[in-house]
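Here is a short report on one protein model. Have a look at the sequence and coordinates before reading on.

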Amino acid sequence: MKHTPLTPKFPQMLHGGDYNPEQWKDYPEILERDIELMKEAHINCVSLGIFSWADIEPEEDLFNLEWLDNTIERLWKAGIHVILATPSGARPHWLADKYQEVLRVAEDGTRNFFGGRENHCYTSPVYRERVKIIDELLAKHYANHPAVIAWHISNEFNGECHCDLCKKAFREFLQEKYGSLEDLNHDWWAHFWSHTYTNWEQVQPPSSKGEDSIQGLVLDWKRFVTKQTIDFMKSEIETVKSANSEIPVTTNFMGMYFDGLDYFQMAKELDIIAWDSYPMWHAPWGNIAVAQCESLSHDMMRSLKKSPFLLMECTPSTTNWHSVSKQKRPGMHVLSIVNAVAHGADSSMYFQIRQSRGSAEKFHSAVISHAGTNNTRTFKEVTEVGELLQKLTHFVYGTDSPAEVAIVFDVQNKWAIDASKGPRNDGIDYFGEIQRVYHYFWKNGITTDIVDETADFSGYKLVIAPMLYMFRDDIQKKFREFVSAGGTLVTTVFSGVVNQNDLCFLGEDTEEKLSDVMGMWVEEIDGLYDGDKNRTSWYIDRTRLFYDMTQLCEVIRPTTCDVVATFEKDYYKGCPAITKNAFGEGFAWHVAGCAPEALFDELFRQLDEKLQLERAMDAEIPNGVSVTWRQSDDGRKIVFVQNFSDCDALIPLKASYTDMVTGNKFGEALPVEKQKFRILLENPPKNDE
Ligand SMILES: [Zn+2]
């Protein structure tokens, strides 16, 4: 296999999920039955101990591992492996009662009461010390147990704390970054409105009751929150690794649409990327749109380490915290897991194995429902996934997802766009722009990496940087080298406006703005009201195509670029709407307004034709069918064909494939029923006879 196994002690597709036996200590017969049912569902791994602190340490320094020992032994005897968690995601009552500083402080300065989870202060020395004590105990006791294959560090890190300890750490972070208040005042542009800082103690986290008009402050605060979360996570990693450095560590991320933390920074500290995926299948906007959004998140998770990842949580059927807990329709569970594997997952793990009887998660579905039986639709579908993953292990596990296209999605850029006052305070849809750009590649089975501004672009043919408002990490130099060496770069409206501190670039056509590469510079940016639009006119092969531009439109001054399409209306009628510039051996394109998916589909169709991008399958893919591939160890394509539409599909083939589930061979046409999938292996081309 191309990649090192995620869990070397048990190098197989993982099937399992969060198991919470501490909720069932009064029901020994249920705990016994659970293991029988897990075996029946082909579960080979569970995550244990995520919320077990109160059961491991019921009173300060009084520890009880007996129940956990018993659980792990019983699981291990049944051949079930364990991803063991550190319990720092939720603390016991006694800890918060005795040490108030562990409770988070809100933006308005009020301290939380006890309750909830993932809401401790990351800076608190007391919390770090108590976490270290319990982590050390767990690590010494279990790090060399044959069942334990990975550490699950804490749970779904998120949020921020405004306590005095965190404020002090924030000021130290700034002092190290800027050195002097003079530099901080300059880089935050704090001399406006007389907001000049004259004393470090004046620096407070951004707050709607206080300072929220300095975007440099907002950005640095968010960077500090990520840094402090990493610092906390690293202290846990060091503790568990000290007992056995061979056991890999992970934590569960929450996908691309969680923008509270910079996952690209966090990923550097982890051995395995894992994430919790809860799409709203069967929502009114349709499964095709949901599948596309979900695929984008899977692609980003795979791109964090350019490696397979773990699907650490998903629901076997309903998600209790969605606005409506809709059941996954028959077949959707297995289809959604195939989608994850298609984009690089080497597991299907659930929240949860056994459905909680009471409290917040009693209506979240589980492998084993309140009925406690194998005779439920959900149990049977989970079992079907287990059987499928066993079949996939020998030819999918650890395989690669080679990509020739990268889309730049940078969460720090999102923070900057969200914080900016203007040019559209009614919302600038950065996520939407990424999705519109992604559509063509998803629809056509072309693998895309989702990378941030720190990426190395040299291995790609095509790099798309939608709405990259903030240029940081020397990205201009990397883009310049990429295009110069023959790469194709596409940027879109509201790109290259500010530096990493949200200070606007000065000058007309400057290298800081990448004007040399783009062959133009932006003179004005026009905000459009909701419902407003301009129109683009684009001549292609003697046909005139029109597209509506909304939200933001730029008035562009061309220098060396070709004008490919123009605006049709208003005072910038005739001005460039799409530009193309030859630079070195490559080309740089720019789209000067918030464009519809159809415009991007046409642009990328043209670029694809020229660049001959690698596709999962050389075939016309029907609408709503997603085709994705991973590369088998002998270089052949493993093709995942998934029909998210409401119609059966028939795909004409130009090559021959073997269905790895049924063994059937297909050479001319591939039938894929609605809401079903096929996993194919490309057959070697026949020798000339
Ligand atoms: Zn704090």
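Which residue in β5 is the bridge partner of Trp151? It is Val249. The model is a predicted one. Strands β4 and β5 pair in the parallel sense, over 2 bridges.

**The sheet**

These two strands belong to an open sheet of 8 strands. Its order is β7-β6-β5-β4-β3-β2-β1-β8, with parallel pairing. β7 and β8 stand at the edges. Each has a single partner strand, so one side of each lacks a neighbour in the sheet. From one strand to the next, the twist averages 30°.

Helix α10 packs on this sheet. The helix touches β5, β6 and β7. Its direction makes about 160° with that of β6.

The residue ranges of the elements at this end of the description are listed here.

| Element | Residues |
|---|---|
| Strand β4 | residues 148-152 |
| Strand β5 | residues 249-253 |
| Strand β6 | residues 272-276 |
| Strand β7 | residues 310-313 |
| Strand β8 | residues 347-350 |
| Helix α10 | residues 287-305 |

**The zinc site**

Which protein donors does the zinc ion have? They are the SG atoms of Cys121, Cys161, Cys163 and Cys166, lying 2.3 Å from the ion. Along the chain, the donors follow the spacing C-x39-C-x1-C-x2-C. Cys161 and Cys163 are buried.

Why is the arrangement tetrahedral? The 4 donor atoms subtend angles of 100 to 118° around the zinc ion, which makes it so. Four donors count as tetrahedral if all angles lie between 85 and 135 degrees. The ideal angle for four tetrahedral donors is 109.5 degrees.

Technical notes
Residues are numbered from 1 along each chain as its sequence is written. This is a predicted model: local features need pLDDT of at least 70, side-chain atom pairs count only at pLDDT 80 or more; totals for chains, interfaces and linings use all residues. Side-chain values use heavy atoms; hydrogens and water are left out. Two strands pair if DSSP finds at least two bridges between them. Helices (H or I, at least four residues) and strands (E, at least two) are DSSP runs, numbered from the N terminus. Axes are lines fitted to C-alpha atoms, for helices over the stretch in contact, and angles run from 0 to 180 degrees between N-to-C directions. Contact means heavy atoms within 4.5 Å. Donors are N, O and S atoms within 2.8 Å of the metal (3.2 Å for Na, K and Ca); water is not among the atoms, so sites may look incomplete. Four donors count as tetrahedral if all angles lie between 85 and 135 degrees; four count as square planar and six as octahedral if opposite donors are over 155 degrees apart and all others between 65 and 115; anything else is irregular. Buried means under 20% relative accessible area, exposed over 50%, partly exposed in between (1.4 Å probe, protein chains only).
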